[in-house]
Amino acid sequence: MYPREIVESMKEELTDNGFQELLNADEVDSQLGKAGTTLVVVNSVCGCAAGMARPGVLMAVANNNGKKPDYLTTSFAGFDIEAINKLREHLLPYPPSSPAIALFKDGKLVHMIERHQIEGRPAQLIAHNLIAAFEEYC
């Protein structure tokens, strides 16, 4: 488990922009049981989370030209252990991946971006991928 002082600013990059933290299994199940669309960012300490995933997600939700998920949520791999373990059950058949970005509609996983689709890609490309998913599902 990562020390709080390491992850706090990485968490705040999303929570300061309207993302609600999912900190335990009950919160994950409760959120994913809601009607509507929920974006879940599996946050991470890695460079691809800092340089690509978080900026790409923030660009996508700041897009003023289209639809947005009803709920913006996040959980931190290697820190919010209980929540991440429960979330990974909902992400099957995808293997564990951090960072990762998932879109759920009425509790069903409808769009997934795994780490291998984040690494080495510019944040703008991730944002465009998410915006297209928002247009389709939100």
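**Helices and sheet: a briefing**

Helix α1 (residues 4–15) and helix α3 (residues 47–62) have axes that come within 10 Å and cross at roughly 15 degrees. That makes α1 roughly parallel to α3 (angles under 35 degrees count as such). The model is predicted, so local features need pLDDT of at least 70 and side-chain atom pairs pLDDT 80 or more, while totals for chains, interfaces and linings use all residues. Residues are numbered from 1 along each chain as its sequence is written, and side-chain values use heavy atoms, without hydrogens and water.

**Terms**
- Axes are lines fitted to C-alpha atoms, for helices over the stretch in contact; angles run from 0 to 180 degrees between N-to-C directions.
- Helices (H or I, at least four residues) and strands (E, at least two) are DSSP runs, numbered from the N terminus.

**α1 and α3**
- On α1, Met-10, Glu-13 and Leu-14 meet Arg-54, Pro-55 and Leu-58 of α3 (contact means heavy atoms within 4.5 Å).
- By class, this contact of α1 with α3 has four nonpolar, no polar and two charged residues (Ala, Val, Leu, Ile, Met, Phe, Trp, Tyr, Cys and Pro are nonpolar; Asp, Glu, Lys and Arg are charged; the others, Gly among them, are polar).

**The sheet**
- Five strands form an open sheet with mixed pairing, in the order β1-β3-β2-β4-β5 (strands pair if DSSP finds at least two bridges between them).
- Its edge strands, β1 (20–21) and β5 (108–113), each pair on one side only.
- β4 (residues 100–105) and β5 run antiparallel, joined by five bridges.
- Ile-101 stands opposite Ile-113 in β5.

**Helices on the sheet**
- α5 (residues 123–137) lies across β2, β4 and β5, at about 160 degrees to β5.

Terms used
Parallel < 35°, antiparallel > 145°, perpendicular 65-115°, else oblique.
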